Amino acid sequence: MIDTARIDVLLATLNAADVGSLDTIAEKMRQVRTALESLGQDELAGAAGDALTALHRGDVAEFRRGRAFLQSKIGHLR
């Protein structure tokens, strides 16, 4: 079972990933991806990477879909 405090931090980071500069938002997504990798959640880490790629492409709609997907799936890890 994954520590719920870590899940809460991940969710808070994702929730904050809609304000700030693009560099700040990208850094938050990198933090989420790294944390998911350390938790052994490789599929979700890949989804975070995909959202980050969409952000770099300027595909805001796809980035938001990816972020919403991660919020949903990470919430279920509790």
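**Notebook: the core and helix α2**

I looked up the largest nonpolar core first: 25 residues, with Leu 10, Met 29, Val 32, Leu 36, Phe 63, Leu 70 and Ile 74 having the most contacts inside it. I take such a core as a set of buried Ala, Val, Leu, Ile, Met, Phe, Trp, Tyr and Cys residues joined through side-chain atoms within 4.5 Å. Helices α1, α2, α3 and α4 each supply at least two residues of this core. The largest share, eight residues, comes from α3.

The model is predicted: local features need pLDDT of at least 70, side-chain atom pairs count only at pLDDT 80 or more, and totals for chains, interfaces and linings use all residues. Numbering runs from 1 along each chain as its sequence is written, and side-chain values use heavy atoms, without hydrogens and water.

I checked Leu 10 next. Beyond its neighbours within four places in sequence, Leu 10 is in contact (heavy atoms within 4.5 Å) with Val 32, Ala 35, Leu 36, Leu 39 and Ile 74.

Then I turned to α2, residues 22-38. Helices here are DSSP runs of H or I, at least four residues, numbered from the N terminus. At 1.5 Å times one less than its number of residues, the 17 residues of α2 should span 24 Å, and the end C-alpha atoms agree at 24 Å apart. Its buried residues (under 20% relative accessible area, 1.4 Å probe, protein chains only) are Ile 25, Ala 26, Lys 28, Met 29, Val 32, Ala 35 and Leu 36. Their cover includes α1 (4-15), α3 (42-57) and α4 (60-75). Gly 40 follows α2, with a positive phi near 80 degrees.

Conventions
Buried means under 20% relative accessible area, exposed over 50%, partly exposed in between (1.4 Å probe, protein chains only).
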